[in-house]
Amino acid sequence: MEFFEVLEKRYSCRSFKDTMVSDELINKILDAGILSPTAVNFQPERIYVCKSKEIIEKLKEASKYTFDAKLIFVIAYDTNISWKRRSDNKEFGMVDAAIVTTNMMNAITALGLGSCFVCSMHQDMVEKILGLPDNIKVLAMLPTGYPNEIKPHNKRKEKNEIVEYR
Ligand SMILES: Cc1cc2nc3c(=O)[nH]c(=O)nc-3n(C[C@H](O)[C@H](O)[C@H](O)COP(=O)(O)O)c2cc1C
């Protein structure tokens with residue numbers, strides 16, 4: 001699928017078929033995430049591929065937004081590795097993880113699958129379910145699968161409400 005077609009076709013998919021996504025496609029989605037740029041190329045992202053019924057059931061308790069998906073990617077970052085800007089010590093792991101999540105989401109669309117960027121969750125519960133140490137912080141989940149229906153993405157603001165030329 002052509003790049004701009006992917007951007008047009010991507011929408012937040014919240015209903016999935018029961019069919020499992022193959023390991024081959026999962027690997028392509030992971031490649032798209034790993035190819036993302038990160039600050040200083042520190043690559044603080046950590047991606048957890050959740051497929052086991054047990055983990056999926058637990059994730060359902062941590063978020064209302066897992067949409068019965070059989071596959072959930074959890075995207076996190078390592079605060080021991082992420083870049084901290086010298087001038088104000090601002091930490092950029094969340095930005096890196098958001099870029100990784102976005103690239104994975106677009107790859108998911110390009111492969112004919114659907115997903116939704118989900119941050120509404122009990123983050124501490126998710127970190128506990130996955131057994132993560134304190135330095136690994138979860139940003140998002142991507143419930144992923146074959147869409148039950150194809151929908152348009154939500155309406156965007158007009159360009160003139162968003163863009164200013166200076
Ligand atoms: C940072 C972020 C967090 C989001 N969290 C949730 C969420 O917790 N639950 C949900 O259903 N959708 C979530 N969304 C999806 C947005 O609601 C959706 O992207 C937006 O309404 C635009 O719709 P579209 O993706 O179909 O274009 C999130 C999106 C982003 C970028």
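Two residues are in contact here if their C-beta atoms, placed from the backbone, lie within 7 Å. With that in hand, let us walk through the structure. This is a predicted model, in which local features need pLDDT of at least 70 and side-chain atom pairs count only at pLDDT 80 or more, while totals for chains, interfaces and linings use all residues. Residues are numbered from 1 along each chain as its sequence is written.

Helices (H or I, at least four residues) and strands (E, at least two) are DSSP runs, numbered from the N terminus. Leaving aside neighbours within four places in sequence, Val21 is in contact with Ile26, Leu71, Leu113, Thr144 and Gly145. Val21 counts as buried because it has 21 C-beta neighbours inside 10 Å; the cut-off for buried is 20 or more other C-beta atoms within 10 Å of the residue's own, for exposed 12 or fewer, and partly exposed lies in between, with C-beta atoms placed from the backbone. The C-alpha atom of Val21 is separated by 22 Å from that of Ser63, 42 residues apart along the chain.

Four strands make up an open sheet, ordered 1-2-4-3, and their pairing is antiparallel. Strand 1 (45-50) and strand 3 (114-115) stand at the edges with a single partner strand each, so one side of each has no neighbour in the sheet. For two strands to pair, DSSP must find at least two bridges between them. Strands of a sheet pair through backbone hydrogen bonds, in either the parallel or the antiparallel sense.

Strand 2 (residues 71-78) is joined to strand 1 by six bridges, and Phe73 in strand 2 is the bridge partner of Val49. Strand 2 also pairs with strand 4 (residues 136-145), antiparallel and over eight bridges; here Tyr77 stands opposite Lys137 in strand 4. Strand 2 is mostly covered, with seven of its eight residues buried.

Next come the helices. Helix 2 (residues 23-34) packs with helix 4 (residues 93-110) at an angle of about 145°, their axes 7 Å apart. Such axes are lines fitted to C-alpha atoms, for helices over the stretch in contact, and angles run from 0 to 180 degrees between N-to-C directions. On the helix 2 side, Lys28, Ile29, Ala32 and Gly33 make the contact, and on the helix 4 side Val100, Asn103, Met104, Ala107 and Ile108. By class, these residues divide into six nonpolar, two polar and one charged. Ala, Val, Leu, Ile, Met, Phe, Trp, Tyr, Cys and Pro count as nonpolar, Asp, Glu, Lys and Arg as charged, and the others, Gly among them, as polar.

Two loop residues deserve a look at their backbone. Most residues other than glycine have a negative phi. Gln43, in the loop between helix 2 and strand 1, has a positive phi of about 50° although it is not a glycine. Asp68, in the loop between helix 3 (53-62) and strand 2, likewise has a positive phi, near 60°. Gln43 is partly exposed, with 17 other C-beta atoms within 10 Å, and Asp68 is also partly exposed, with 13.
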